[in-house]
Amino acid sequence: MSMNKELNERGFILPVILSGLVIMTALAVAALITSGDEQRSSQAVHESGVVFYAAEAGIHEIWGNWDSTKDSLVNLLNPADTLDLGWFDLAGGVKYHGMVIRTDDGSGEPSYILMVESRGAGVRGRRRLLSVALTGGAGGGGGPYELGKCCDAAITANGEVDIHHSTVISGEDSIPPGWDPTRCDDYPPEDVPGIIAKDTTLVNVDEEAYWGGDPPLVQDDSLANADYYSFGDVGYDSLLNLATTHLERSESQSTGGIKYGGDPAPAGCRVHPVTSGSSDGCYYGPRYNFDGSCDTGHPLNFGAPSGPCKDHFPIVRITGNWAFNGMGDPNGYAQGIFVLDTFPSGRGSVFDMEKYDDVGVGQTVVGLLVGKGCIEWEEHAYFYGAVFVDGINTPDCNTDENIQMHKLTAVQYSQCAVQKAIELSGLGDLADPREGGLAFIKSRAMREILR
């Protein structure tokens with residue numbers, strides 16, 4: 001009896017012991033598996049971080065070593081083309097691969113993506129893909145576009161320049177009055193010469209006038225007559241034909257005025273080309289559609305410093321003698337690319353910014369003033385942008401000098417005004433990108449592409 005009892009107890013204990021061993025083994029195996037998972041998870045996080053930072057380092061390394069050679073290659077890209085920058089090795093077997101992809105459709109300012117793929121070492125071969133948006137903005141070259149030798153000074157002139165007392169001519173970069181300064185964030189300030197001339201003996205500056213720049217005056221013996229009629233890939237005749245407005249007077253007509261009509265200007269005057277200016281009641285100034293948007297189709301809409309028409313920069317062809325008159329309005333304003341035309345005789349046109357009677361208030365013109373002819377600034381007339389005019393080879397402009405500035409006037413270089421005029425007139429599609437012309441899009445951050 002006692003023996004049977006002992007056997008029964010042993011038969012009960014043995015399964016308990018075996019069950020305990022099984023549980024302990026399972027727990028040990030689970031602990032080992034968990035430990036392995038944690039190790040692999042930790043290693044995965046580590047490797048993922050390594051390849052992420054490798055991709056980030058790749059973007060900074062590529063951009064930090066960007067040069068004119070890469071710019072030249074990027075400038076050759078057509079929409080949807082890719083520039084392969086190759087693979088680069090880092091420590092520990094990690095590497096990255098860079099490429100630039102052009103993403104625009106070719107109808108506007110070029111845009112690109114700099115994309116970097118990184119890969120880790122080992123059998124897992126982990127990878128990350130980062131990208132950053134770029135644009136043909138103000139990179140190391142100071143601006144996205146250039147038009148031949150145009151726009152590298154407040155005035156680049158071929159002929160006599162006469163600057164009277166109490167005037168300002170400056171290549172010190174400035175933002176036009178009335179503009180929101182944030183519009184110019186993509187264009188770091190860049191001072192240029194006040195005047196570039198082939199023959200500086202033809203430049204006469206009154207001792208009471210202020211002129212400045214980096215430096216104020218430069219003699220450029222390389223300037224040729226042809227330089228004034230070549231705007232990058234755009235010839236002079238082509239530029240005339242691109243004009244959206246033609247202010248036209250015959251060679252025998254004396255100077256005709258076109259007057260500022262306020263904001264908004266009177267709604268009429270849709271005659272095109274305009275042949276008699278304000279004598280028919282035509283006034284220039286911003287026009288708006290019924291929905292409040294800018295009426296960019298109106299031939300006498302020359303933009304505005306702010307509001308819906310701030311990005312309207314027409315190309316205006318000027319044939320004959322024209323006076324832009326502020327009508328005594330301190331807000332008198334026009335912006336665009338103004339191209340001086342010639343007659344078959346070779347006689348050039350006149351661009352005259354003048355005050356209204358004796359009120360002593362003129363106007364502000366912003367953008368580019370180019371072509372063949374003569375320019376005269378009357379009292380209280382202000383120009384922001386760049387002037388690029390051939391006067392010496394243009395006979396009889398009906399002015400005393402090719403470029404004449406009377407007292408209380410100013411010509412102020414503005415890189416922002418120049419670049420906005422080129423871009424927003426549509427001329428940027430035909431202009432030459434400057435070297436170093438790529439830049440980060442300020443409103444776009446680096447992002448990871450998930451696959």
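Buried, as used here, means under 20% relative accessible area, exposed means over 50%, and partly exposed lies in between, with a 1.4 Å probe and protein chains only. The structure is a predicted model, in which local features need pLDDT of at least 70 and side-chain atom pairs count only at pLDDT 80 or more, while totals for chains, interfaces and linings use all residues. Residues are numbered from 1 along each chain as its sequence is written, and side-chain values use heavy atoms, with hydrogens and water left out.

The structure holds three disulfides, a disulfide being a pair of cysteine sulfur atoms within 2.5 Å.

| Disulfide | Sulfur separation |
|---|---|
| Cysteine 150 and cysteine 151 | 2.3 Å |
| Cysteine 184 and cysteine 416 | 2.1 Å |
| Cysteine 294 and cysteine 309 | 2.1 Å |

For cysteine 150 and cysteine 151, the torsion about the S-S bond is about 70°, so this disulfide is right-handed. Cysteine 150 is buried at a relative accessible area of 2%, and cysteine 151 is likewise buried, at 4% relative accessibility.

The disulfide of cysteine 184 and cysteine 416 has an S-S torsion of about -80° and is therefore left-handed. Because cysteine 184 lies in the loop between β8 (168-170) and β9 (195-197) and cysteine 416 in helix α4 (residues 415-424), the pair ties together parts that are 232 residues apart in sequence; helices (H or I, at least four residues) and strands (E, at least two) are DSSP runs, numbered from the N terminus. Both cysteine 184 and cysteine 416 are buried.

In the disulfide of cysteine 294 and cysteine 309, the S-S torsion is about 105°, so the handedness is right-handed. Cysteine 294 is buried, with a relative accessible area of 12%, and cysteine 309 counts as buried at 0% relative accessibility.
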